[in-house]
Amino acid sequence: MTRPRNYQTEAIIIKKTRLGEADSILTLYTPELGKIQGFAKSLRKPKSKLAGHLELLTHSQVSLARGRNIDTITGSQTITSFLPLKTDLTLTSYALYATELVNQFTADHIENRTLFHLLLETMEKLCSSSNHDLLLRHFELHLLDEVGYRPQLQQCVVCHQPLEPIINAFCSSAGGVTCPGCSASQLVSYPISVNALKVLRFLQGNSYDTVSKLKIDPPLSRELETVMRGYLKYLLEREVKSAAWLDDLKKQANSLE
Ligand SMILES: [Zn+2]
């Protein structure tokens, strides 16, 4: 049986790459096909009927025609436009950070429905919740679950002994938390406080709705960000582009205060 030439899929537009004068290649994250690339002809022409339905950070129903090298986008209808993610620069940077992580940690054509729904939920909650740092840490931990890098937080990842309620260490190369004794043998490790470990465990084991009421003070929030950013950076072996942008943006915001 041959596959039909035309097909439709729900998709989140996670990346847009310019091609030539007016065309674009879009990276779409879909529930059934995983990450796919679509050629969008004349998308950047002012008269393009598709452009509004294929904006970055939009959840759309997309029609495609199979091609030899790349499929061509033939139609699109917005499901959710996520307007706040496009009008508030801070929210834009958070959402691009999330989509960039999905892009970096996935290969084309690998179905992962849970990851699709995690990304969609994170984009929804960015618009409706104010606890953005907690939301991003929750997203990072559950993304890592889905792509096979779940950090070990329950016991020392090296000697497998239970962790004492003291300052332990997060060792990216070992893939989780180590006791103080084992952290000495690791090249790079970050100290992790008792409270930070508690929060990471709570985030790792629960849905966002369960954890969303958690109040975290700024120093603890920064500690969690440092640990997670260090681990993600290690895994990607380079700074995620949006993460660098996020840092720049925070610097700018701080200098305005
Ligand atoms: Zn140990």
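C179 is buried, with a relative accessible area of 18%; buried means under 20% relative accessible area, exposed over 50% and partly exposed in between, with a 1.4 Å probe and protein chains only. C159, at 29% relative accessibility, counts as partly exposed.

This is a predicted model, in which local features need pLDDT of at least 70 and side-chain atom pairs count only at pLDDT 80 or more, while totals for chains, interfaces and linings use all residues. Residues are numbered from 1 along each chain as its sequence is written, and side-chain values use heavy atoms, with hydrogens and water left out.

## The zinc site

C156 (SG), C159 (SG), C179 (SG) and C182 (SG) coordinate the zinc ion at 2.3 Å; donors are N, O and S atoms within 2.8 Å of the metal (3.2 Å for Na, K and Ca). The site is tetrahedral, with angles of 100 to 119° among its 4 donor atoms; four donors count as such if all angles lie between 85 and 135 degrees. Along the chain, the donors have the spacing C-x2-C-x19-C-x2-C.

## Helices α4 and α8

Helix α4 (residues 132-146) packs against helix α8 (residues 218-236) at an angle of about 30°, with the axes 11 Å apart. Axes are lines fitted to C-alpha atoms, for helices over the stretch in contact, and angles run from 0 to 180 degrees between N-to-C directions. Helices are DSSP runs (H or I) of at least four residues, numbered from the N terminus.

R137 lies in helix α4 and, at 2% relative accessibility, counts as buried. Leaving aside neighbours within four places in sequence, R137 is in contact (heavy atoms within 4.5 Å) with L203, L224, E225, M228 and R229.

Note on methods: Helix = DSSP H or I, 4+ residues; strand = E, 2+ residues; numbered from the N terminus. Tetrahedral: all angles 85-135°; square planar, octahedral: opposite > 155°, others 65-115°.
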